[in-house]
Amino acid sequence: MQLNFAGPLNRWRALARVVCKISLGALLLPAAAAAQSPARMPAAIYTDPREDTAHPASTLAIEIPSHGSMMNGMVYRPSGRGPFPLVILMHGLPGNEQNMDLAQALRRAGWAVLTFHYRGSWGSEGQFSIDNVIEDAKVAVAHAADPSTAKAWNIDQTRIVVIGHSMGGLAAARSAGFGPARLATVLIAPWDPDTLAKLLRPMSVNDRDAAAQDRWGDVSNGRLTCVSSQEIAAQIVDHGEKWRLADGARGLSDRPLLIVTASRDLASSKADDLKAALNGGGAKFSALEIASDHVFDDRRIELEAVVLDWLSQLRGATQSRQP
């Protein structure tokens, strides 16, 4: 069923196009989530939580073991007694945009937030590769859901949401269906190497390398280890279909799913093949497009509002449970 939010969009023109695919009895993406007036914007975007001197907000530096290497991470915990629902926030390639504004808004809304760096990225041990990123995503979810970890972090391991941006969206999608069940998934401009491979293959090697340098030229400046931008492009050209975003459809199909894309983005981050696969399987999901670029440079508040509103509708995603 397709919902038309043209009326609400006239009240807040920031969201230019909205497509919402849902099934009755599943989660809903209400008009308020698709089109906010400033007065109805989630308070966590612009208001600090009430002070709790007995249980203040805190930040915890952690390490996650993955296949013999340690991944660096941080857990941002909200104020309150908890245990708290957890968002695992996965960054893209190479991870210059960490979405920390979204992480802090989520924390103000009562979510604990885990951010981490895949093997071989941003100081984490090991070697970077796209295969490793997908495996690291599975490891991070399993680690967070372990009862001993949940106790140490003061989180509820039964209420874990995975949010991934760009390559993190690929990792979030392709890791779904493995290990502990997650409450929901949010894909933000999810990256599809298979679609990108089709864009790169007609190019000459020189043009392809120039495009890779323009897009990922800073990967060797301490951001990633053992890989260059040209090598990334060559891997995608040679093996892009190995990492098809649409292959995550089965793992995503039985849990609430939100896909947020950007109107000025490349086709490789539009998730068209994934949406087609989900529709073909009769899956329940919500999809929305924001008038912005891949990083949502000029629509950060809008992105936060959409994600927080959608999460607030999830069954079982209360802000905290008091012991």
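**Burial and surface**

I started with how much of the chain is tucked away: 54% of the 323 residues of the protein chain count as buried. I'm working from a predicted model, so I keep that in mind throughout. For the surface, I found that the protein chain exposes about 13600 Å². Carbon and sulfur atoms supply 50% of that area.

**Layout**

Next I looked up the secondary structure, and the protein chain has 13 helices and nine strands. Then I checked contacts between residues at least 6 apart in sequence, and 73% of them join residues at least 24 apart.

**Helix α13**

I picked out helix α13, which runs over residues 300-312 and has 13 residues. From its first C-alpha to its last it reaches 18 Å, close to the 18 Å expected at 1.5 Å a residue. How many of the residues of α13 are buried? I got eleven of the 13, so α13 is largely enclosed by the rest of the structure. I noted which ones they are: Arg300, Glu302, Leu303, Glu304, Ala305, Val306, Val307, Leu308, Asp309, Trp310 and Leu311. A reminder to myself: an α-helix has 3.6 residues a turn, so residues three or four places apart point the same way.

**Aromatic pairs**

I searched for ring pairs and the structure holds two of them. One is Phe116 with Tyr118, whose ring centres are 5.4 Å apart. Are their planes stacked or edge-to-face? I read 80° between the planes, which is over the 60 degrees needed, so the pair is edge-to-face.

Where do the two partners sit? Trp191 is in the loop between β7 (184-188) and α7 (193-200), and Trp216 is in helix α8 (residues 205-216). They are 25 residues apart, and the pair links distant parts of the chain. I checked burial here as well: Trp191 is buried, and so is Trp216.

**A charge over a ring**

I also looked for charges sitting over rings. The charged end of Lys138 sits over the ring of Phe178, 3.8 Å from the ring centre.

Most residues other than glycine have a negative phi, and most peptide bonds are trans. I went looking for exceptions. Pro83 lies in the loop between β3 (69-77) and β4 (84-90). The bond from Leu93 to Pro94 is cis as well, with omega near 0°. I placed Pro94 in the loop between β4 and α3 (100-108).

For phi, I noted His67, with a positive value near 50°. His67 is in the loop between β2 (58-66) and β3. Is His67 buried or exposed? I got 54% relative accessibility, and the cut-off is over 50%, so His67 counts as exposed.

Asn154 has a positive phi too, about 60°, although it is not a glycine. I located Asn154 in the loop between α5 (147-153) and β6 (155-165). With a relative accessible area of 26%, Asn154 is partly exposed.

How values were computed:
Residues are numbered from 1 along each chain as its sequence is written. This is a predicted model: local features need pLDDT of at least 70, side-chain atom pairs count only at pLDDT 80 or more; totals for chains, interfaces and linings use all residues. Side-chain values use heavy atoms; hydrogens and water are left out. Rings of Phe, Tyr and Trp (its six-membered ring) pair if their centres lie within 6.5 Å; planes under 30 degrees apart count as stacked, over 60 as edge-to-face and the rest as tilted. Helices (H or I, at least four residues) and strands (E, at least two) are DSSP runs, numbered from the N terminus. Buried means under 20% relative accessible area, exposed over 50%, partly exposed in between (1.4 Å probe, protein chains only). A charge sits over a ring if NZ of Lys or CZ of Arg is within 6 Å of the ring centre and within 35 degrees of the ring normal. Contact means heavy atoms within 4.5 Å. Accessible areas come from the Shrake-Rupley method with a 1.4 Å probe; for residues, only the protein chains shown count as cover. The expected span of a helix is 1.5 Å times one less than its number of residues.
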